[in-house]
Amino acid sequence: LHVPATARRFAQEFLARAGVGPDERILAINPATTWASKNWPPEYYAEVIAAVHPKLRVLLCGGPDDRRLGRFIVEQAGVPVVNAIGATSLLELAALLERCSALICGDTGPLHMAVALGTPTVSIFGPTDPRRHGPLNGRHIVLQSQGNCRNCYKYHCRHPAESCMRAVTPAAVLQALDELLAGR
């Protein structure tokens, strides 16, 4: 993935306007995917954000349709967040991800962008098989429920109250993030 200089300038200026210093560690979070069943609960993202603050600056990213979700997560987290949802092109997002210490997300395009850029990831899989769609090399941790319904490839979950995505806890994601950032 080639990130042009114009996108890198955008990322640098965007982060500077948000008050992020050049040496601060940033955790990117992309909370939405194109399938409802692949989305980790927004309250779980908020819990992770609250737990990592103030050790890491958090950058929320996503497309314009994800703005309402982003506002909910920011409100629930109750800590300062740099919200880039709907504010970037794909190459500008790539430049922001390139600057991040890690990305947390589901099975979505930004996951694969981060992998291509060498940015470590913690990804949460449910209805899709990470052996087929996940990061297969490098510093990436894939979390997936061991429930019977995983890898169902259903756009909408038939068990929303007990979905495979809900089975992956914020504590598990935080532990994976700690291991990733510690280089284990």
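Along strand β5 (residues 121-125), the side chains of Thr121, Ser123 and Phe125 point one way and those of Val122 and Ile124 the other way, and all are buried, where buried stands for under 20% relative accessible area, exposed for over 50% and partly exposed for the range in between, with a 1.4 Å probe and protein chains only. Strands (E, at least two residues) and helices (H or I, at least four) are DSSP runs numbered from the N terminus. This is a predicted model, in which local features need pLDDT of at least 70 and side-chain atom pairs pLDDT 80 or more, while totals for chains, interfaces and linings use all residues. Residues are numbered from 1 along each chain as its sequence is written, and side-chain values use heavy atoms, without hydrogens and water.

Two strands count as paired if DSSP finds at least two bridges between them. β5 pairs in the parallel sense with strand β4 (residues 102-106) over 4 bridges, with Gly106 opposite Ile124, and also in the parallel sense with strand β6 (residues 140-144) over 5 bridges, where Ile141 is the bridge partner of Val122.

The whole structure holds 3 aromatic pairs, that is, Phe, Tyr or Trp (six-membered) rings with centres within 6.5 Å, stacked under 30 degrees between planes, edge-to-face over 60 and tilted otherwise. Two of them are tabulated here.

| Pair | Centre to centre | Angle between planes | Class |
|---|---|---|---|
| Trp40 and Tyr44 | 5.2 Å | 75° | edge-to-face |
| Trp40 and Tyr45 | 4.9 Å | 85° | edge-to-face |

Ring pairs thus link Trp40, Tyr44 and Tyr45 into a cluster; Trp40 is buried at 2% relative accessible area, Tyr44 at 15% and Tyr45 at 1%.
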